Amino acid sequence: MDELVSSAPSTPRPRRPHHKSRTGCVQCKQRKVKCDEHKPTCSKCNTHAPIAVSPTPLIITTASNSPPLVSLTPPALPILTNAPVPANLPIPNFPFPPLSPPKSPPLSFSILDMEILHHWTILGASQFIDFDEGKTIFRKIYVRQLDVTLLRHSETVVPQLAFAHPFLMHQVLSLSALHLSQTRSSRNSLYRHASDTHLTTAISLFHPEIRNLTEKNCHACFIFSALMFTQAWAAQDPNRPSTLFFIPDSTSSGREKEQFDQMSWLKLQRGTQAILGSAITFLINGPFEPLWKPFDKAGGPTHIPPLDSEDEKQLDFLPQAWNNASSTLPAETRVLLDYSVATLKRVFGLLHTHAEISPLSAVISWFSMMPQEVEDMLEKKVPEALLVLAHYCVLVREVEHLSWMKGKGRNILETILAVLPPGWEEFTKWPVAKLGGSVDGNAQSHGGNTKTDTNPGEGGGGGGGGDGDDALVRGEETMSTSKMAPQPKVLFVLTSHDKLGDTGNPTGWYLPEFAHPYTVLEPHASITIASPKGGVAPLDPASVEPFEDDAVSVAFLREKEALWSQTERLEEFLGRAGEFDALFYVGGHGPMFDLATSTVSLQLISEFHAAGKVLAAVCHGPAAFVNAKTKDGKVLIEGHAVTGFSNSEEAAVGLVSAMPFSLEDRLEEATRGGYTPASDWAVNVVVSLQGKLITGQNPASAEGVGRAILRSIT
């Protein structure tokens, strides 16, 4: 507000001028007052409560003297070591210069901060993680607790983290504000500036913490590292060239370079993880144990679990790009590239055979295994390293059910194609096909016209960036105008039964067992919904309240009602198995009463089996298979491994007497000993019959079943 100072009652003095600034906070500019430009919060905003946000972009500096490519020994995973932790943790040199840390004022919240934090607790946290225990942990990481010695007992105590560690609180607020900026367009600018400011502050406060790692702050540092991945990937616009791994020539002077200096997010995350290796004992026994425990059965970092045969074939072919007579790469560099492919195989194997590991955890794990030298090669856009990254894009597809990852794999691949020189088309066909297109010998000819930095002056006046722009456009056309592979089709079957035996209680299909597989498959497949009677298929009301914290189920219930209120009659699909790639039975207690004995359903299963299509079911859905026969009259699941809701789980929910039969017993009988259970409520997905028979044990296994179906049909 302008201040008027008078030398005489009737003669007001003109407004006192002040120096203009480009770095003042947005709120001061909106109120038209002078900003003192103090970061992270100016004195005016401290007085008037709203958060101070600065338009100054965040730039993280990195070390310029990267080590040469001389290491012949691939680096071991520091986060998987079990070395004893000394009293005073030795901290190696951080891999890049720290920002100058600001003074740490007491943690306080403006009204906008409270709104952002509320969004995190109610919805935001659930958007960034893909398994239930992780969602609970991330939603509660800000809760205050006093007894730090109880950190190891994560099942009963939520640690003091974000309130005790301001750097983490600022990171949480930054990520939540970023999510708000992408979902509430009317206040996009306000939330995005708040996100940038909190991130700047978070990184500044983080540097001294990671240099002085202790038992008390290691958990907060670990989560900060994990959230840096989320922050960088969520901020990347899939409609613009990706800057996550390198700066495309066409945007090297654009806003992306100002905002995020090449691979700074990856350097920060990898450097932090290397330091956290010294605190591994505290981490794996602390409050985030659920994030580590699923990897217990996955073997060491050099173990490669069984892969899908097609994935293995393509990954075995990739090293021929550099292991050939015409390659000019040094031998030690080829070894590092071979090791990177081996780590890719491990992640593909984790996704294929370890349903207990969340897809996001598996996909992120690759960056802990990637050699530093290969990271440097990506930054320099070395073609062989870009080919490895192109194959990693296929893995990214597995987590595109998360909104902030949607389109990111295709986006990175398009950017790679735009900068890749000619001659590599044979090694990019598979990633392009997996991500939605097919490439013939001429489809990637854009590489032949791409200008490189070898002769930057070529092309005439004013064309310094034109060739790069044209190359990027041609790269995008490669993906968007090439012949698209037809989408696979999946037939979902819901129960029509709505009464729970003689109890009189309602039943039907189970919410998360429909919501999660549908959410995984919907971006990649055409889905049709059917039920024995058609029309409205009854939702079991008992499946709603227990999953009110499950963002996927909540959104599905709110937005997808038409799917179960307008189902088609199941008999209409008899004789049409050739039109579909998979048949999936959603669970719930209802299938025990109608689909287990439905002649229409049994005939449909037989037809799909005869046509070589995928058969899948979750929880009580496998009841549809207990009486199924092959075309020649044999028990369809005999001799094959399957799973389904166990006797002990049925007893735990108190519905043994309400069931017409024991699902576990009937599956055990029909398979002749092939029933394969896990512990109660654990994720358990069983794939057999050469990938054509997929079953999940319980609601927790629903998402894994969806992923297994996706892998089998694409």
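This is a predicted model: local features need pLDDT of at least 70, side-chain atom pairs count only at pLDDT 80 or more; totals for chains, interfaces and linings use all residues.
Most residues other than glycine have a negative phi. Arg672 is also exposed, with a relative accessible area of 67%. Now move along to Gln690, in the loop between β8 and β9 (693-696). Here again a residue other than glycine has a positive phi, this time near 55°. Gln690 is exposed as well, and its relative accessible area is 74%.

Let us step back and take in the whole chain. The protein chain has 26 helices and nine strands. Of its 714 residues, 53% are buried.

Begin with helix α14 (residues 359-369) and helix α16 (residues 383-396), which pack with their axes 10 Å apart and at an angle of about 160°. An angle over 145 degrees counts as roughly antiparallel, and therefore α14 is roughly antiparallel to α16. Their crossing is right-handed. On the α14 side you will find Val363, Trp366 and Phe367, and they meet Val388, Leu389, Tyr392 and Leu395 of α16. Sorted by class, this contact has seven nonpolar residues, with no polar and no charged ones. An α-helix has 3.6 residues a turn, so residues three or four places apart point the same way.

The second pair is helix α12 (residues 309-317) with helix α18 (residues 425-434), packed at an angle of about 155° with axes 10 Å apart. That angle makes α12 roughly antiparallel to α18. The crossing of α12 and α18 is left-handed. Glu310, Asp311, Gln314 and Phe317 of α12 make the contact with Glu426, Phe427 and Trp430 of α18. What classes of residue take part in the contact of α12 with α18? Three are nonpolar, one is polar and three are charged.

The buried residues of α15 are Glu373, Val374, Glu375, Asp376, Met377 and Leu378. After α15 comes Lys381, which has a positive phi near 60°.

Next, turn to the aromatic rings. The structure holds 27 aromatic pairs. A pair of aromatic rings is described by the distance of the centres and the angle of the planes. Consider Phe167 and Phe224: the ring centres are 5.6 Å apart and the planes stand at 65°, so this pair is edge-to-face. Phe167 belongs to helix α5 (residues 166-183) and Phe224 to helix α7 (residues 218-235), so the pair ties together parts that lie 57 residues apart in sequence. Both Phe167 and Phe224 are buried.

Phe224 has another partner, Phe206. The centres of the Phe206 and Phe224 rings are 4.1 Å apart and their planes are at 15°, so this pair is stacked. Phe206 is in helix α6 (residues 188-211) and Phe224 in helix α7, so the pair links distant parts of the chain, 18 residues apart. Is Phe206 buried or exposed? Phe206 counts as buried because its relative accessibility is 0%. Phe224 likewise has a relative accessible area of 0%.

Our last stop is Ala610, in helix α23 (residues 599-610). With a relative accessibility of 49%, Ala610 counts as partly exposed, because exposed means over 50%. Ala610 and Asp632 are 22 residues apart in sequence, and their C-alpha atoms are 9.8 Å apart in space.

Methods: Residues are numbered from 1 along each chain as its sequence is written. Side-chain values use heavy atoms; hydrogens and water are left out. Axes are lines fitted to C-alpha atoms, for helices over the stretch in contact, and angles run from 0 to 180 degrees between N-to-C directions. Helices (H or I, at least four residues) and strands (E, at least two) are DSSP runs, numbered from the N terminus. Angles under 35 degrees count as roughly parallel, over 145 as roughly antiparallel, 65 to 115 as roughly perpendicular and the rest as oblique. A crossing is left-handed if the near helix is turned anticlockwise from the far one by less than a right angle, and right-handed if clockwise. Contact means heavy atoms within 4.5 Å. Ala, Val, Leu, Ile, Met, Phe, Trp, Tyr, Cys and Pro count as nonpolar, Asp, Glu, Lys and Arg as charged, and the others, Gly among them, as polar. Rings of Phe, Tyr and Trp (its six-membered ring) pair if their centres lie within 6.5 Å; planes under 30 degrees apart count as stacked, over 60 as edge-to-face and the rest as tilted. Buried means under 20% relative accessible area, exposed over 50%, partly exposed in between (1.4 Å probe, protein chains only).
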